Amino acid sequence: MAKRWYVVHTYSGYENKVKTDLEHRIETYGMERQIVDIQIPTEEVTEIKEGGKRETKENKVFPGYVLVRMELDDNSWAVVRNTPGVTGFVGVDGKPAPLRRSEFNKIMRRTNPQNVPVAKHTTTSLEPGMSVKVVSGPLADFDGQVSEVMPEAGKVKVMLMIFGRETPVELTLDQVVTIA
């Protein structure tokens, strides 16, 4: 049976603890062949602190979610599902749904966009309700709809479908382009 990537929902802020606990459970139950990888999608963010000091830190791209590559059967499901801090799998009708390779690549920022847009927004030509494509950052290649424009901050709030849920995401104006 093939090993696929599944999305596991956790308590927000417990992603690292879930990963550590799950690694110990895999070893304890001898599931190394069924559950082979655990990833927490992150991105590096540089913040400018008081006095102009730059501080780089790693932020979770999807707080409350962990990706697990596994061969799904009753035993592997139980090991993951019963890990402290795990609230369940993302799926349909209670059944875990595996990610497609393209979805995994988008999440882990490993895609090479075929059609790189020519112009990025540097002005506030965006309006609520417009359809946009994210062209940079960890959410590159996701499509969504503008819900709010904040020109003074140079930001836009976009509703994206992430793991089957509509999620508001704040992006800079140069991270999105309009789509027809």
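**Entry 1: what counts as a pair**

I begin with a definition: two strands pair if DSSP finds at least two bridges between them. I also remind myself that this is a predicted model.

**Entry 2: the sheet**

I traced an open sheet of five strands and noted its order as β12-β11-β10-β9-β13, with antiparallel pairing. Which strands sit at the edges? They are β12 and β13 (176-178), and each of them pairs on one side only.

**Entry 3: from β10 into β11**

I followed β10 (residues 143-150) and found it pairing with β11 in the antiparallel sense over six bridges. Met 150 has Lys 155 of β11 as its bridge partner. Four residues lie between the two strands of this hairpin, and there I noticed Gly 154 with a positive phi near 70°.

**Entry 4: from β11 into β12**

Next I checked how many bridges join β11 to β12 (residues 165-172). I found eight, again in the antiparallel sense. Ile 162 stands opposite Arg 165 in β12. This hairpin has two residues between its strands, and Phe 163 takes a positive phi near 55°.

Which side chains of β11 (residues 155-162) are buried? I listed Val 156, Val 158, Leu 160 and Ile 162, which point to one face.

I went to β9 (residues 131-134), which pairs with β13 in the antiparallel sense over three bridges. Here Lys 133 stands opposite Val 177 in β13.

**Entry 5: helix α2**

I turned to α2 (residues 74-81) and found Ser 76, Val 79 and Val 80 buried. Why do they lie on the same side of α2? They do so because they cover an arc of only 95° around the axis.

Last, I looked at the N-terminal end of α2, which Asp 73 caps. One of the side-chain oxygens of Asp 73 lies 3.1 Å from the backbone nitrogen of Asn 75.

Terms used: Residues are numbered from 1 along each chain as its sequence is written. This is a predicted model: local features need pLDDT of at least 70, side-chain atom pairs count only at pLDDT 80 or more; totals for chains, interfaces and linings use all residues. Side-chain values use heavy atoms; hydrogens and water are left out. Buried means under 20% relative accessible area, exposed over 50%, partly exposed in between (1.4 Å probe, protein chains only). The arc is that of the directions from the helix axis to the C-beta atoms. A polar contact is a pair of N or O atoms within 3.5 Å; within protein, one must be able to donate a hydrogen and the other to accept it, and residues adjacent in sequence count only if both atoms are side-chain atoms.
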